[in-house]
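Thanks for making time this morning.

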Amino acid sequence: MNIDQSAHQQISTSAHQHMSYSSLHSAILDLERHGLLVRIKSEVDPHLEMAEIHRRVYDAGGPALLFEKVKGSPFRAASNLYGTYERTDFLFRHTIQRVQRVIELKADPTSLLKKPLRYAGAPFTALTALPMQQRWGAPILYGETTIDQLPQVVSWPDDGGAFVTLPQVFTLPPGSKQIMQSNIGMYRIQLSGNDYAMNREIGLHYQLHRGIGIHHTQYNESDEDFRCAIFVGGPPSHAFAAIMPLPEGLSELTFAGLLGGRRFRYLWRDGYVLSADADFVITGTIRKNDKKPEGPFGDHLGYYSLRHDFPVMDVHKVYHRKDAIWHFTVVGRPPQEDSSFGYLIHQLVKKLTTQEFPGVKEIHAVDAAGVHPLLLAIGSERYMPFRDNKPEEILTQANRILGSGQTSLAKFLFIAASNDNPQLTLHDMPAFFAHMLERVDWTRDLHFYTKTTIDTLDYSGTGWNAGSKVVIAACGPKLRELATELPPRFDLPAGFDKPRFALPGHSGHPGFRFSRKRYINPRRPPERLRPGQYPDDRSGGRQRIYRRYAQ
């Protein structure tokens, strides 16, 4: 049992008064009171060192971190707040059930009539979470600074510069001052490096199916300046709201208020919207028809997303609150801290699955695969109940999944029909894959989508954002028994000849580690890489550095 599990059990057995966090600082103090955070008092370099400390503490299942002395910056920094599922549950312990009820009611409004006691307060909860304009006394107006004074966190050796890894990027459509028409998304921000003029320019990286892209298109057709505000920090619900896939009609600001138990407070200043409770706000104007090289960046798939041209923003001002804390995370090969985002999303939106995807019972984005690349789904077959079972309706459901928002970024989609086993669930992935492999007809059930759009971070295609996807569908009777050992005299190439069966029908084969030099010249012998050379490296010694800095 790790530190968070034991603390979480103690907390869950005691009575709590309702509380909400008014700031990142108040959340940090709450974590510290319950033994879920440590302060690092030694000076730490934001160039690689802070990120490595974060990774080692995360890998050890350790606490949230508050870096009190950041080299080159007057501001403190915090990370690993969401570093375990138990700590994520703890941060939202007072609000998560109410949010679930609001989302359940959104999925099925008749639930209010069926279970009036359960949902009696849900409509009122939603109304009281609406954003609130603050006209005076906003903490964010305490002071101003410059980009170079912010903690310049560089996570991996080949990163193109310092990045904001937990930004809340706020935009409005042209001609609008209606706060409910806003979009808030988490699109990484490059603060330094490459060709950016320090303190005057920063880079924005946004990909396919992002709301800010719609606003950018609208501004390209308008004479109005494309104003943008980037919030960093604030109550923990604010960062989560920026990545939450929300149902139509529910804004990120309202969701932040729901999950945080406190209305999102904002104000207008110089034509920009500021988050009143954020720790930092960077305001500026995105150039409509100009781009600059952004990246590389060690990304959540375990390799670098490369240097590409992306939008650039001219910085207007950088605001900060008193005793501001720079909130950051470190991404890389899963699992990482952002795995908790996927965990919480699944907890909240599972009731919306059947509303968004009719006939689909469950969907699961597999964190170990980097979330987007691998989707699992359980659908249903109702088209031809009088014929032999085969994939038909689940193919329609697969098309719906691959044609909707962020699920369209999937590379592989495995979908099974629940008719063959009503107890089938994605909570038991080994049983799901066994079910699939026992029934799939490899001559019929592979469905390729070629020359289509793919995830910006996927470099396996024919070009940038261009490549293929595949759907594997299974429906019908069991066709085979799954093997648990290789047939006799089954020859494998040297270096790949010691397979292990992870599950029935699943064999794992050790091989040579990837090497850039070997990739360039495949005739060269395999080469071992030095620990720490690439983002997917997880060398030993995590505990040593944790003990050194957490004194």
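Predicted model: local features only at pLDDT ≥ 70, side-chain atom pairs only at ≥ 80, totals over all residues.

Residues are numbered from 1 along each chain as its sequence is written, and side-chain values use heavy atoms, with hydrogens and water left out.

Back to the backbone, then. D270 is not a glycine, and yet its phi is positive, at about 55°. D270 counts as partly exposed because its relative accessibility is 40%, where buried means under 20% relative accessible area, exposed means over 50%, and partly exposed is in between, with a 1.4 Å probe and protein chains only. A positive phi near 65° is also found at N80, again a residue other than glycine, and N80 sits in the loop between β3 (76-79) and α4 (85-91). Is N80 buried or exposed? With a relative accessibility of 0%, N80 counts as buried.

There are cis peptide bonds to look at as well. One joins G295 and P296, with omega at about -5°, and P296 lies in the loop between β14 (280-294) and β15 (297-298). Another joins P334 and P335, with omega at about 0°, and P335 belongs to the loop between β18 (325-327) and α12 (339-349).

Now to the charged pairs. Side chains of opposite charge can pair when their charged atoms come close. How many salt bridges does the structure hold? There are 23, a salt bridge being a side-chain nitrogen of Lys or Arg within 4 Å of a carboxyl oxygen of Asp or Glu.

Within helix α3 (residues 49-59), R55 and E52 are 3 residues apart, about one turn of the helix, and their side chains meet in a salt bridge at 2.8 Å, N to O. R55 is buried, with a relative accessible area of 6%, and E52 counts as buried at 18%.

A salt bridge also joins the side chains of E294 and R188, at 2.7 Å, N to O. This pair links distant parts of the chain, 106 residues apart, with E294 in strand β14 and R188 in the loop between β8 (183-185) and β9 (189-190). E294 is buried at a relative accessible area of 0%, and R188 is buried at 10%.

K292 forms a salt bridge with E201, and their closest N and O atoms are 2.6 Å apart. K292 lies in strand β14 and E201 in strand β10 (residues 201-204), so this pair ties together parts that are 91 residues apart in sequence. Both K292 and E201 are buried. Through salt bridges that share partners, E201, R287, D290, K292 and D314 are joined into one network.

Finally, the surface. Which residues make the nonpolar surface patch of about 280 Å²? They are L127, L130 and M180. L130 is placed in the loop between α8 (122-127) and β4 (132-133), and L130 counts as partly exposed because its relative accessibility is 33%. Patches are made of residues with over 30% relative accessible area and no salt bridge, where like charges are joined within 9 Å and nonpolar side chains (Val, Leu, Ile, Met, Phe, Trp, Tyr) within 5 Å; accessible areas come from the Shrake-Rupley method with a 1.4 Å probe, and for residues only the protein chains shown count as cover.

Key: Helix = DSSP H or I, 4+ residues; strand = E, 2+ residues; numbered from the N terminus.
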